[in-house]
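Subject: Structure for you to look at

Hi,

Here is the structure I said I would pass on. Have a look at it first, and then read my notes below.

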Amino acid sequence: MPVKAYNSRILVDQFDFSGDTKGISLAMTKDGIDAATLQAADRVLVPDLSTGVIDLMGYFGGVGAGALEQELQARMDSEADCIVSAIFDTTAVGGAAYVQPTTWGKQLTLDGADKLLMVKAQWEDLTQRGLVVAHATISATGDQSVIDFGAAGTGGGWAVLHVRAIDGTAVNAAFTAKSAAVVGFGTPTTHGTFTISAVGASRLTFAGSVGRYMRLGCTSLGGATSLAVTAIFGVSGVTG
C-alpha cells in the first residue's frame with residue numbers, strides 16, 4: 001500500500017524539519033570507474049560509491065535558533081559536517097532511510113513565487129541506505145524493537161543516531177547498536193556505543209560479521225528524564 005507523504009521525515013542533525021517542509025526528493029546515482037587494462041578488448045568499469053542528492057522545499061517562518069532558514073544557512077559550505085537523513089515512513093520502525101553522514105549545504109534558495117516565501121536547500125554527497133531501528137522518546141533503559149534486516153552481513157556496517165530532544169540534562173547517556181543471529185536475540189553482539197550529552201547527530205562504523213536481527217539499546221539516560229531519538233542502521237552488502 002502506498003505510503004502517504006506526511007509520514008516521511010527530513011532530519012538535519014537534531015532538527016526534524018518535517019513540519020516546516022512542503023516536500024523532499026532524493027536522487028541516487030552510481031558512476032563507474034574506468035578499470036581498463038592493456039589487454040582489455042572492451043571498456044571495463046567498476047562501480048563507484050553511491051552519490052545522492054537530497055532536495056528540500058520548506059517555508060520561511062522567521063529567524064532564530066531552530067528556524068529552518070537559519071539552520072540551513074549555518075550548514076552552507078561549513079567545515080563542520082552535518083548528518084542529513086531522509087526517512088520515508090515513520091508509521092513503524094523497519095522502514096528505509098537514506099543518510100548523508102558527512103555533508104554540508106550545497107545550495108540555499110529563497111523563493112517567493114508561490115505567494116508564500118519558500119526555502120529550498122540541496123545536499124549532495126555519499127549517500128547510504130539503512131533501516132530505521134528506532135524513532136521514539138526513550139525514558140527508561142533497555143532495548144528497543146528487534147528489526148529483521150533480511151540477511152546477515154560479513155562486511156560490517158554503520159549506525160546513525162539523531163538525538164532530537166532531551167528532557168532534563170544528559171551527561172554521558174549511552175545507546176548501543178547490537179545484532180544477533182536469531183530473532184530472540186540470544187548471544188547478541190554490541191557493535192558500538194553512542195555517548196550522548198547534548199542534542200545532535202552522530203555516526204559510528206563497525207567491521208566484521210553482523211547478525212540478521214538488529215536493535216538499539218539504551219544502557220544509561222545520563223540523568224535525563226527522556227531523550228527523543230531516531231536511529232538508522234546500515235549493513236554493508238545487505239541494505240545497500
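One thing before the details: this is a predicted model.

I'll start with strand 2, at the pairing of valine 12 with phenylalanine 15. Phenylalanine 15 sits in strand 2 and is the bridge partner of valine 12. The two strands involved are strand 1 (residues 9-12) and strand 2, which pair in the antiparallel sense over 2 bridges. Zoom out and you'll see that they belong to an open sheet of 8 strands, ordered 2-1-7-8-11-19-14-17, with antiparallel pairing. Strand 2 (15-16) is an edge strand there, and so is strand 17 (200-206); each of them pairs on one side only.

Now the aromatics. There are 2 aromatic pairs in the structure. Phenylalanine 15 turns up again in one of them, stacked with phenylalanine 17 at 5.5 Å centre to centre and 10 degrees between the planes. What about burial? Phenylalanine 15 has a relative accessible area of 16%, so it counts as buried. Phenylalanine 17 is buried too, with a relative accessible area of 1%.

The other pair is phenylalanine 88 with tyrosine 98, and this one is tilted: 5.7 Å centre to centre, with 55 degrees between the planes. Phenylalanine 88 lies in the loop between strand 7 (82-87) and strand 8 (96-103), while tyrosine 98 is in strand 8, so the pair ties together parts that are 10 residues apart in sequence. Phenylalanine 88 is partly exposed at 36% relative accessibility, whereas tyrosine 98 is buried at 17%.

Stay in that loop for a moment, because aspartate 89 also lies between strand 7 and strand 8. Its side chain makes a polar contact with the side chain of threonine 91, at 2.7 Å. Not counting residues up to four places away in sequence, aspartate 89 touches Val3 and Asn7. The C-alpha atoms of aspartate 89 and alanine 5 are separated by 8.2 Å, although these residues are 84 residues apart along the chain.

Next, strand 19 (residues 226-235). How many of the residues of strand 19 are buried? The count is 10 of the 10, so the strand is largely enclosed by the rest of the structure. In a regular strand, side chains alternate between the two faces of the sheet. Here Ser226, Ala228, Thr230, Ile232 and Gly234 point one way, Leu227, Val229, Ala231, Phe233 and Val235 point the other way, and all are buried.

With strand 11 (residues 128-138) the pairing is antiparallel over 7 bridges, and alanine 134 has alanine 231 of strand 19 as its bridge partner. With strand 14 (residues 157-167) the pairing is again antiparallel, over 10 bridges. There, isoleucine 166 stands opposite leucine 227 in strand 19.

Where does arginine 215 sit? Its place is in strand 18 (residues 213-220). Is arginine 215 buried or exposed? At 15% relative accessibility, arginine 215 counts as buried, since the cut-off is under 20%. Its side chain makes a polar contact of 3.0 Å with the side chain of aspartate 143. Leaving aside neighbours within four places in sequence, the residues in contact with arginine 215 are Asp143, Gln144, Ser145, Val146, Thr176, Ala177, Lys178, Phe185 and Phe233. Phe233 is one of the buried residues of strand 19.

Finally, some figures for the whole chain:

- The secondary structure comes to 1 helix and 19 strands.
- The radius of gyration is 19 Å, which agrees with the value near 18 Å that a compact globule of 240 residues would have.
- Along its principal axes, the C-alpha trace spans about 60 × 55 × 40 Å.
- Buried residues make up 43% of the 240 residues.
- Of the contacts with a separation of 6 or more, 73% are between residues 24 or more positions apart.
- The chain exposes about 11,700 Å², with carbon and sulfur atoms supplying 51% of it.

Cheers

Technical notes:
Residues are numbered from 1 along each chain as its sequence is written. This is a predicted model: local features need pLDDT of at least 70, side-chain atom pairs count only at pLDDT 80 or more; totals for chains, interfaces and linings use all residues. Side-chain values use heavy atoms; hydrogens and water are left out. Two strands pair if DSSP finds at least two bridges between them. Helices (H or I, at least four residues) and strands (E, at least two) are DSSP runs, numbered from the N terminus. Buried means under 20% relative accessible area, exposed over 50%, partly exposed in between (1.4 Å probe, protein chains only). A polar contact is a pair of N or O atoms within 3.5 Å; within protein, one must be able to donate a hydrogen and the other to accept it, and residues adjacent in sequence count only if both atoms are side-chain atoms. Contact means heavy atoms within 4.5 Å. The radius of gyration is taken over C-alpha atoms; the globule rule is 2.2 Å times the number of residues to the power 0.38. Accessible areas come from the Shrake-Rupley method with a 1.4 Å probe; for residues, only the protein chains shown count as cover. Rings of Phe, Tyr and Trp (its six-membered ring) pair if their centres lie within 6.5 Å; planes under 30 degrees apart count as stacked, over 60 as edge-to-face and the rest as tilted.
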